Number of protein chains: 2
Amino acid sequence: MPATRSEPVPTHRPEGYLDALLAKARAASRALPAADRPAALTAIAEGLLLDAPTILEANAADVAAEQARGTGAPLVDRLRLSQGRLTAISRATLQVADLPDPLGAVPTAWTLPNGLRVRRVSVPFGVIGMVYESRPNVTVDAASLALKAGSAAVLRGSSNALASNRALVASMRGALGRVGLPEDAVLLIDSPDRELVTELLRARGRVDLVIPRGGAGLIRHVVDTASVPVIETGVGNCHLYIDAAADLAMAGRLAMNAKVQRPGVCNAIETLLVHESVAEAFLPRVAADLRAAGVRLYGCPKARAIVTGMDAAGDAEWAKEFLDLELAVRVVADLDEALEHIARFGTQHTEAIATRDVAAAERFRREVDAAVVMVNASTRFTDGFEFGFGAEIGISTQKLHARGPLGLEQIVTYKYLVDGDGQVRG
Amino acid sequence: MPATRSEPVPTHRPEGYLDALLAKARAASRALPAADRPAALTAIAEGLLLDAPTILEANAADVAAEQARGTGAPLVDRLRLSQGRLTAISRATLQVADLPDPLGAVPTAWTLPNGLRVRRVSVPFGVIGMVYESRPNVTVDAASLALKAGSAAVLRGSSNALASNRALVASMRGALGRVGLPEDAVLLIDSPDRELVTELLRARGRVDLVIPRGGAGLIRHVVDTASVPVIETGVGNCHLYIDAAADLAMAGRLAMNAKVQRPGVCNAIETLLVHESVAEAFLPRVAADLRAAGVRLYGCPKARAIVTGMDAAGDAEWAKEFLDLELAVRVVADLDEALEHIARFGTQHTEAIATRDVAAAERFRREVDAAVVMVNASTRFTDGFEFGFGAEIGISTQKLHARGPLGLEQIVTYKYLVDGDGQVRG
């Protein structure tokens with residue numbers, strides 16, 4: 001996990017703390033599939049407002065401690081809750097309550113020649129662990145999505161949000177109790193001790209799925225450590241390739257939007273690839289627009305020959321997820337070189353081409369190995385809400401189980417039910 | 001991996017051997033989605049017959065070496081190929097060629113309010129690693145299923161089958177070359193060095209999926225070691241629960257079939273759970289039948305009070321996958337105790353109940369957490385061919401990605417294609 005500036009001294013937790021937590025989560029999870037989960041989420045949404053004074057007081061303590069560490073204003077702001085933000089979190093929870101039940105899908109059913117009837121039905125994972133950073137709204141978001149999907153949530157947020165997370169989880173547990181559901185369906189790993197994250201990631205059979213949400217450092221730690229099933233999310237080194245046959249005005253709008261509209265997120269672009277036949281027509285204008293929006297540019301030698309004042313770009317820049325107003329620019333000889341660049345440096349998140357050439361678009365769609373491949377659209381649309389899923393747990397960058405935006409359907413599993421009247425195998 | 005009696009001295013492979021192999025597989029994989037994969041499989045099927053003399057000679061060397069190690073006849077037989085077996089392998093390959101293309105599924109498509117068109121299309125994983133034990137037929141089976149699914153196969157079989165696997169892979173590569181496909185779409189990790197398995201399991205981004213097929217030791221090694229995506233297969237501690245309301249004659253047939261028809265496979269039962277109200281009526285007869293078929297019985301105290309001469313069973317027996325003519329028997333007080341036993345000792349493979357009680361059946365279906373839950377049917381039906389998938393790569397015992405019998409549809413992934421005309425996010 002990425003280091004934070006000044007870590008509080010780990011609270012010691014007795015041996016077996018996590019095991020006990022996971023056993024409680026498992027027991028609680030059994031009640032969820034048949035429970036009125038929308039009613040539970042409604043109670044949670046209401047409880048957050050009722051408990052606002054306690055939650056905001058706890059959050060104020062986290063914020064004060066963070067400020068005392070000398071953390072800059074933008075990061076402190078990510079941590080801060082307010083009545084307005086709490087109301088938004090409460091409303092988002094009500095929206096999750098109203099989504100279609102991912103366990104309610106009509107089963108796929110068929111009958112075998114021997115008369116056995118086979119049904120494939122959606123079932124919850126059971127216990128879902130969420131490991132995430134900084135923003136306390138994720139605590140409620142992660143818990144309500146897990147509950148809606150019929151699973152118990154075991155939450156591990158940032159240590160700098162621990163007081164806020166305690167208050168939020170206490171509120172949610174109270175709401176569960178009020179509607180007659182086991183409070184242990186939402187549990188917090190209530191310690192900044194990082195060993196507990198490692199324990200969670202090795203708790204095979206006791207946690208059914210772990211979803212990390214955070215930066216590249218967190219994701220790498222999880223993938224290196226985990227023996228439990230994991231869905232990697234959110235590392236996006238995304239590219240926009242401006243083809244020889246691009247509508248350059250449109251291409252400029254796509255580049256601006258994909259870089260500038262919200263630079264700190266995984267579906268923003270980090271590198272612009274430009275076909276050399278349009279580089280001189282395209283780059284000066286877009287570079288001026290990007291710079292006017294505060295973007296710092298890094299370029300290959302050809303790009304720097306066209307646009308003066310760019311910093312030099314090399315493998316370090318091509319590989320970097322800036323997550324900021326910074327962009328690398330590379331002039332490529334042709335589509336092949338663009339495809340090679342993307343295959344080498346992309347993170348299989350979202351890749352886009354701007355072109356009017358049907359054949360180039362089709363080749364790009366076919367050959368780019370990524371969760372989402374876009375033609376003439378901003379990479380910023382890779383998003384569960386934009387895709388119409390009504391929720392977003394994260395953007396998966398793995399190929400196993402779920403790829404791209406994760407909605408509720410992606411955090412359930414299935415089982416086969418086979419009904420017979422005594423069939424035996426010959 | 002489980003130890004074999006007498007391991008040949010590891011062939012030294014130069015540093016970078018596996019990296020080079022995986023790079024070749026990646027390059028070859030690019031040609032597969034658009035290739036005539038059925039024609040390639042047909043050529044492979046024919047090539048195995050044309051190359052029979054070479055393959056059988058290589059296999060004879062493996063068999064002789066195994067016999068010289070003093071290995072027992074059943075294990076030697078698993079290793080042995082013959083003209084008949086090679087013909088069966090060739091026919092199975094033709095059957096795979098004829099299966100529906102898992103990449104040919106009609107995409108799910110929808111249009112967003114902003115006019116973006118989203119399609120979800122099936123795509124290959126890319127490079128699939130298969131790690132398996134003993135039987136050389138798996139070499140052809142694994143390669144042909146991967147190829148049919150559009151992926152290159154990197155194969156790692158048992159060291160005692162290395163000569164056979166070399167000959168089989170050489171034959172398959174020759175066939176690929178004859179139809180104009182890259183031979184590197186099928187590659188053998190051509191060394192008994194176990195470090196290469198570990199390297200494969202840590203080759204993130206260079207192998208897209210690893211499927212282990214083998215015993216519990218192999219699976220555990222893979223899960224503990226892997227940082228690449230894995231589908232665990234084949235560890236089955238399966239139970240049959242005889243309910244108070246069972247048709248006892250049918251229950252006896254199910255128990256016999258599930259234990260005796262093929263005891264060495266993962267979907268055979270290892271423990272019989274019997275409701276105490278029917279134990280005296282049920283157990284003596286079924287115990288006599290099982291013993292007549294050569295089954296050794298282990299029992300709890302109540303079972304041993306009903307059937308004399310059983311060995312004592314405890315946690316070790318409840319947890320054991322015998323994979324042989326051995327069965328543990330436990331008398332339980334009620335359905336709750338049966339469910340608790342299964343939750344504690346089951347491996348989430350296949351669990352079955354024999355009952356005429358609709359409510360008991362429904363509760364068993366709902367509460368048992370397993371890939372396949374059966375009512376009044378033999379657990380032996382958990383099988384890709386029996387389920388009508390036309391193929392079986394293995395039986396997944398994990399919840400992520402694919403659960404239960406793996407057909408071709410379970411070894412492809414998907415991507416989203418988004419088409420726009422300049423949409424940007426507001």
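## A look at chain A, and a helix pair in chain B

Let's start with overall size: chain A has 426 residues, and a compact globule of that length would have a radius of gyration near 22 Å, so the 24 Å found for chain A agrees with that. Keep in mind that this is a predicted model.

Along its principal axes, the C-alpha atoms of chain A fill a box of roughly 70 × 70 × 35 Å. Inside, 52% of the 426 residues of chain A count as buried. If you look at the contacts in chain A with a separation of 6 or more, 72% of them join residues 24 or more positions apart. As for secondary structure, chain A comes to 15 helices and 16 strands.

| Domain of chain A | Residues |
|---|---|
| domain 1 | 17-225 |
| domain 2 | 238-381 |

Taken over C-alpha atoms, the centres of domain 1 and domain 2 of chain A are 36 Å apart.

Now hop over to chain B for a pair of helices. Helix H6 of chain B covers residues 137-148 and helix H7 of chain B covers residues 162-178. Their axes lie 9 Å apart and the two helices pack at an angle of about 35°. The crossing of H6(B) and H7(B) is right-handed.

Which residues in H6(B) and H7(B) meet? From H6(B) come B:Thr139, B:Val140 and B:Ala143, and from H7(B) come B:Asn165, B:Leu168, B:Val169 and B:Met172. Sorted by type, the residues of this contact of H6(B) with H7(B) are five nonpolar and two polar, with no charged ones.

Notes. Residues are numbered from 1 along each chain as its sequence is written. Chains are lettered from A and ligands numbered from 1 in the order in which they are written. This is a predicted model: local features need pLDDT of at least 70, side-chain atom pairs count only at pLDDT 80 or more; totals for chains, interfaces and linings use all residues. Axes are lines fitted to C-alpha atoms, for helices over the stretch in contact, and angles run from 0 to 180 degrees between N-to-C directions. Helices (H or I, at least four residues) and strands (E, at least two) are DSSP runs, numbered from the N terminus. A crossing is left-handed if the near helix is turned anticlockwise from the far one by less than a right angle, and right-handed if clockwise. Two residues are in contact if their C-beta atoms, placed from the backbone, lie within 7 Å. Ala, Val, Leu, Ile, Met, Phe, Trp, Tyr, Cys and Pro count as nonpolar, Asp, Glu, Lys and Arg as charged, and the others, Gly among them, as polar. The radius of gyration is taken over C-alpha atoms; the globule rule is 2.2 Å times the number of residues to the power 0.38. A residue is buried if 20 or more other C-beta atoms lie within 10 Å of its own, exposed if 12 or fewer, and partly exposed in between; C-beta atoms are placed from the backbone. Domain bounds come from an automatic or database domain assignment.
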